[in-house]
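This report describes selected parts of one structure: backbone exceptions, sheets, helix packing and the surroundings of a ligand. The sequence and the model are shown first.

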Amino acid sequence: MAKLKLITFGCQANEADSEKIAGVLAQEGFDLTETTEDADLILLNTCSIREKAEQKVYSLLGTFQKLKTRNPQLKIGLCGCLAQREGLRLKDRFPYLDLVAGPGAMIYRIPELLKGGAAEPLLPRPKEPLPLYVHSPRPRRESTVKAWVSIMEGCNYLCTFCVVPYTRGPERSRPPEDILAEVRDLLAKGYKEITLLGQTVNAYGKNLKPRTCFSDLLRAIDSLAGGEIRIRFTSSHPKDFTPDLIEAIANLKSVCEHVHLPVQAGSNRVLGRMRRIYTREEYLAKVRGLRQAIPDIALSTDLIVGFPGEGEEDFQETLTLLQEVRYDSLYAFKYSPRPLTPAATYPDQVAEDVKTERINILLQLQDQIALEENRGRLGRIEEVLVEEGPNPKKGSSATGRTRRNQLIHFSQEILAAGDTVSAVITESYSHYLKGKIA
Ligand code: SF4
C-alpha cells in the first residue's frame, strides 16, 4: 500500500476532516504512516485561525522540499482553511506543492486531484454556492471509543476577528437522517461517546427543509442510543442557546453535563466591536439558566485577550466575568490579526507585551479558580469513561473523562479503553483529577 503522512493543525473540525481524508484515501490504497521519510504522500491539514499555526505550516513546507528533492515521486498537498484562504498563491510560493484543496466537503475531491496531476486546486471561492455537506465514505477514526460526527459546516455569524466564515463558507446543516445513519453505525461498532461538531453546533437545522433544530437532533440521537452512550457537542454560540436546548440537556440521559460556551470577552464594548451579538448580561443570563436546570453542569469557554481597542478597564471586566462564572476550564488566546477579517484593519491594535501580560494574569486566575472548584470535588463519585488503558512503555496510568469532561488519571487500576467505571476523586489539580475505582 502507498503511505500517507497526515499532519493536522487546529480545531476539532480539522481533526474530524483528517479522519475523513484518511478514510477517502484508504479507498485509494493509502495507509497511514507515522514518519514523513517513508511517505508517498504528505498532506498538511491546515488552520488559519492564528498566525502561529500558519508559520508552522510554511516552515514544514520548507523542510519537505528537501524530501521531494531526494524523492521526486513524493507528493505534497495542503488542505484545510489556509489552503482555502490562500488558494493558488500557495503554488507560486511553493511550486513543488502537488495539490491544494479547501476544507469540509472539498476533501472528497482529493483523489481526483491526485489522479489528474493534482495541479489545480478545487476551492469554492467565497460568495460562490458551496457544495452541500456530503456524508463521507467511512472516516478512518483514530479512537475506537470516541467518535466525532460533523453535523454542519460553515458559519453565518461574522465575528470581526474570525476567518472561519471566509474559509469554511456559510452555514450548511447535514440532513438528520444522514446523521442518524452515522450514529447507528457507531452504536453497532460499540463506540461509547459521540461528539457532535459544528462551528456553531447549536444553530443546526436552520437551513434545512423542513426546518429542524439542534435540541430535536439531540432528542433523536438520545432515543436511538437509549442512554447507552455519551453525547457531547461543540462549539455553541451563546445566541443560539435556547431554553428548549437547556431543557434537552437537563432531561436527556446520554447528553453529558458539560457545555463549551465561548464568551470571547467580558466587556460589552469589546463584545460589540467583535460583533458577538450578545451582551455580558445576556451571556450571564444563559449561564444562570443552565445552572438552574443542571446545577452540577461544567462550563468551559474561549477568550481572546488584546482584541483591538481592549483597554485596561475592558480587560478587568473579563477577569470579573471569570470570577462570576467560575469556569471549569478555558482556552485563552492572544488576539491575532487575520487576513480578510475586519478587526485586522482596526487602527487600535494592542501591543504584544500587553497581550502577553494580560493572558498570563488571566490564566493565573483561571488556574486558581479551577483548583478551588476541583478541590470541592474531592471524595465525590463520578462516572468515568476510560479513554486509554495503562501504558507501561510510557509509564502512564489509565486515563479517562468524567461526564463533566474532566480529565482523570487512575493509579494501579487495571482498566482498558472503553470501560465505564464509577471512580472516587482522590486528588485534584487545576487541569486534572486523580481517582480510583469506587
Ligand atoms: S461564531 Fe464567530 S467565532 Fe465562531 S466560527 Fe462563526 S464567525 Fe467564527
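## Backbone exceptions

Arginine 326 lies in the loop between helix 12 (312-325) and strand 13. In this predicted model, arginine 326 has a positive phi of about 55 degrees, although it is not a glycine. Most residues other than glycine have a negative phi, and most peptide bonds are trans.

One joins lysine 209 and proline 210, with omega about -5 degrees. Proline 210 belongs to the loop between strand 9 (193-197) and helix 8. Another joins threonine 234 and serine 235, with omega about 0 degrees; serine 235 is in the loop between strand 10 (230-234) and helix 9.

Strand 12 (residues 298-305) pairs with strand 13 in the parallel sense over 6 bridges. Within strand 13, tyrosine 331 is the residue opposite aspartate 302.

Another open sheet is formed by 3 strands in the order 6-9-10, and its pairing is parallel. Its edge strands are strand 6 (146-150) and strand 10, each of which pairs on one side only. The twist in this sheet averages 25 degrees from one strand to the next.

Strand 6 and strand 9 run parallel and are joined by 5 bridges. Alanine 147 stands opposite isoleucine 194 in strand 9. Helix 7 (residues 176-188) lies across strand 6 and strand 9 and runs at about 170 degrees to strand 6.

## Antiparallel pairing around strand 14

Strand 14 (residues 381-388) pairs with strand 17 (residues 420-428) in the antiparallel sense, over 5 bridges. Here valine 424 in strand 17 is the bridge partner of isoleucine 381.

Strand 14 is also joined to strand 15 (residues 399-402), by 4 bridges, and these two strands run antiparallel. The bridge partner of glutamate 388 in strand 15 is threonine 399.

## Helix 9 and its two contacts

Two packed helices are described by the angle between their axes and the distance between the axes. For helix 8 (residues 214-225) and helix 9, the axes come within 9 Å and cross at roughly 20 degrees. The two helices are therefore roughly parallel to each other, and their crossing is left-handed. Helix 8 contributes Phe214, Ser215, Leu218 and Arg219 to the contact, and helix 9 contributes Asp244, Leu245 and Ala248. By class, the residues of the contact of helix 8 with helix 9 are 4 nonpolar, 1 polar and 2 charged.

Helix 9 (residues 243-251) also packs with helix 11 (residues 280-293): their axes come within 9 Å and cross at roughly 30 degrees. That angle makes helix 9 roughly parallel to helix 11. The crossing of helix 9 and helix 11 is right-handed, whereas that of helix 8 and helix 9 is left-handed. On the helix 9 side, Pro243, Ile246, Glu247 and Ala250 meet Gly289, Leu290 and Ala293 in helix 11. The contact of helix 9 with helix 11 has 5 nonpolar, 1 polar and 1 charged residues.

## Surroundings of the ligand

Which residues are around the ligand? They are Cys155, Tyr157, Leu158, Cys159, Cys162, Val164, Pro165, Gln199, Thr200 and His237.

By class, the shell around the ligand has 7 nonpolar and 3 polar residues, and no charged ones.

Key
Residues numbered from 1 in each chain as written. Predicted model: local features only at pLDDT ≥ 70, side-chain atom pairs only at ≥ 80, totals over all residues. Pairing = 2+ DSSP bridges. Near = placed C-beta within 6 Å. Nonpolar A, V, L, I, M, F, W, Y, C, P; charged D, E, K, R; others polar. Axes fitted to C-alpha atoms, helices over the stretch in contact; angles between N-to-C directions. Parallel < 35°, antiparallel > 145°, perpendicular 65-115°, else oblique. Left-handed = near helix turned anticlockwise from the far one by under 90°. Contact = placed C-beta atoms within 7 Å.
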